[in-house]
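Subject: Structure handover

Hi,

Here is the structure I promised you. Please open it next to this email and follow along.

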Amino acid sequence: RASRGEMAGFAELGLCAELQRSVEDSGWLLPTPVQQEAIPLILGGGDVLAAAETGSGKTGAFALPVLQVTHEALRAQTARNMERSEGTESPSCPHILPGYTDSGGSYGSRNGFAADCDPLLCVEADGLHCSCEAGNRWAGGRSQVGVRTGTHHFEVEQLSDGILRLGWATFNAKLLLGTDSFGFGYGGTAKKSNGNQFYDFGETFGQGDTLGCTLDRENMTISYAKNGRPLGVAFKLPAKLAHTTLYPVICLKACRVRVNLGNSSFLAIPAGARAVVDAESYPSLSADGGSADSDLDAHRLPTAVIIEPARDLCEQVYECVQEFIRHFRQPPLRAGLFVGGADGAAQRRQLKQGVDVVCGTPGKLFDLASAGALRLNRVLFFVLDEADRLLDTGCLETILKLRQMMPSLGRGGARLQTLLFSATLHTPEVKALSARITERPTLVDLKGKDALPETVHHALVRADAAADARAAAADVPTDGVHRDDAFDPCSKTKESLSEGTKRLKP
């Protein structure tokens with residue numbers, strides 16, 4: 001059992017008490033060199049590249065700080081959700097700006113866009129006035145009120161210049177509306193979009209215009225109107241979404257808008273349609289960060305994604321993570337293992353129930369993300385372990401596609417941290433990957449470039465037992481592997497050629 005003095009080594013790295021207890025339970029005495037270097041850097045918030053061999057303690061080097069930050073983020077989010085549910089949320093809470101209230105009281109903040117939005121989207125206290133100041137970045141937000149049945153309508157008034165895109169999406173869809181198969185949007189450039197495919201629709205709109213958007217669940221259509229004038233049906237929904245709740249979504253670039261979900265009079269509403277707030281299902285986000293609605297695909301979305309090149313390595317890292325998180329309480333952390341050859345339905349159920357830390361192989365994670373089961377828009381840590389082996393197995397494109405599904409900024413404005421651990425950092429392939437997915441990384445290289453001392457000389461000796469008569473020499477000692485085989489120097493059998501090659505070796 002480690003002594004108090006020995007455990008001080010991990011405390012000095014900045015690890016919390018829960019992780020120190022886990023380390024002690026594992027029988028670790030002092031941090032290894034890679035842990036001593038990498039843990040403070042990761043806790044400090046930057047990208048890290050580390051050269052570390054198997055057995056050097058590299059799993060602890062990245063997992064311990066990642067789990068600590070993940071738990072801190074989960075605790076903060078849980079506290080905010082509890083405040084929101086109790087109506088005691090501070091105006092300084094991220095994404096909610098003070099200074100706007102209406103006759104609806106806390107209505108807007110409860111049913112608006114503050115709970116599920118990009119860091120760049122500013123949402124005022126009513127939850128319905130939203131803006132994005134960035135001129136070169138989109139910022140999206142999703143309402144907490146979803147629609148599963150009936151025909152429901154909402155409106156968005158564009159209050160400034162810039163670009164607005166509005167529509168409907170599932171809970172798992174990207175907030176960049178229309179760039180995946182689960183979101184359907186129409187924008188001010190007279191384009192509709194779904195699955196990142198853009199087509200001409202309607203007409204352009206801008207400051208001063210009010211756009212209406214109607215979801216008809218019976219006919220499976222989404223239609224739009226501009227200033228009360230119908231523009232027609234833009235989308236026919238696929239059958240796979242027939243029983244999936246859809247949510248109003250807005251996406252802004254250098255734009256300010258006011259959303260009306262039905263808390264005030266509409267400019268115009270189609271016959272037979274009702275306001276979004278009158279929907280029969282009210283799957284608002286619950287206090288634990290999830291939803292009471294059974295068809296939502298996630299409760300707690302992953303904060304950390306750890307990728308390994310093989311199933312056995314995934315299982316080893318997952319077991320380590322489970323050991324490390326055992327002392328976390330209020331709330332406990334949840335980890336999941338996602339590899340090929342396992343029960344896919346069980347994996348999807350686990351993601352639906354909520355996972356904080358994902359351990360998996362690239363192909364499996366990409367399949368889950370592409371199907372909408374794994375949502376990556378709140379990831380804070382992207383960890384590539386054994387990066388050289390990942391590249392050797394042809395996973396580069398899959399890794400880059402997964403990275404594109406993650407935000408550059410996480411919830412609360414935290415920047416995505418990329419951690420790359422490899423046996424070597426000096427191959428052209430690893431350097432190229434680092435240049436594409438990291439930003440000003442700190443290098444932890446306790447190994448250096450592979451090099452040979454000047455006193456070592458290389459020599460090449462060709463040995464061809466089939467052509468060299470010296471292979472028949474009987475007085476050359478070998479390892480005796482073929483002592484019981486029939487050796488014939490004129491024969492081309494595998495045994496004869498193997499024995500002849502051994503005799504030719506200097």
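In what order do the six strands of the open sheet come? The order is 5-14-7-8-9-10, and the pairing is antiparallel. Keep in mind that this is a predicted model.

**The open sheet**

Start at the edges. Strand 5 (139-142) and strand 10 (197-200) are the edge strands. Each pairs on one side only. From one strand to the next, the twist averages 20 degrees.

Now look at strand 10 and its partner. Strand 9 (residues 191-194) runs antiparallel to strand 10, and four bridges join the two. Find Ser193 there: Phe198 in strand 10 stands opposite. As background, strands of a sheet pair through backbone hydrogen bonds, either parallel or antiparallel.

**A parallel pair**

Go further along the chain for the other case. Strand 18 (residues 335-338) and strand 19 (residues 357-360) run parallel, joined by four bridges. Gly336 stands opposite Val358 in strand 19. What do these strands make with helix 7 (residues 344-353)? Strand 18, helix 7 and strand 19 make a right-handed β-α-β unit.

**The largest pocket**

Last, the pocket. The largest pocket has a volume of about 800 Å³. Its lining counts 31 residues. Nearest the centre lie Lys174, Leu176, Gln404, Met405 and Met406. Helix 8 (362-370) and helix 10 (396-404) are the elements that give two or more residues to this lining. Which classes make up the lining? There are 14 nonpolar, 10 polar and seven charged residues.

Over to you.

Technical notes:
Residues numbered from 1 in each chain as written. Predicted model: local features only at pLDDT ≥ 70, side-chain atom pairs only at ≥ 80, totals over all residues. Heavy atoms only, no water. Pairing = 2+ DSSP bridges. Right-handed = clockwise from strand over helix to strand, strands pointing away. 1 Å grid on protein atoms, 1.4 Å probe; cavity = no way out; pocket = protein on both sides within 12 Å on 5 of 7 lines; lining within 4 Å. Points joined across faces, edges and corners; volume = space filled by probe spheres on them. Nonpolar A, V, L, I, M, F, W, Y, C, P; charged D, E, K, R; others polar. Axes fitted to C-alpha atoms, helices over the stretch in contact; angles between N-to-C directions.
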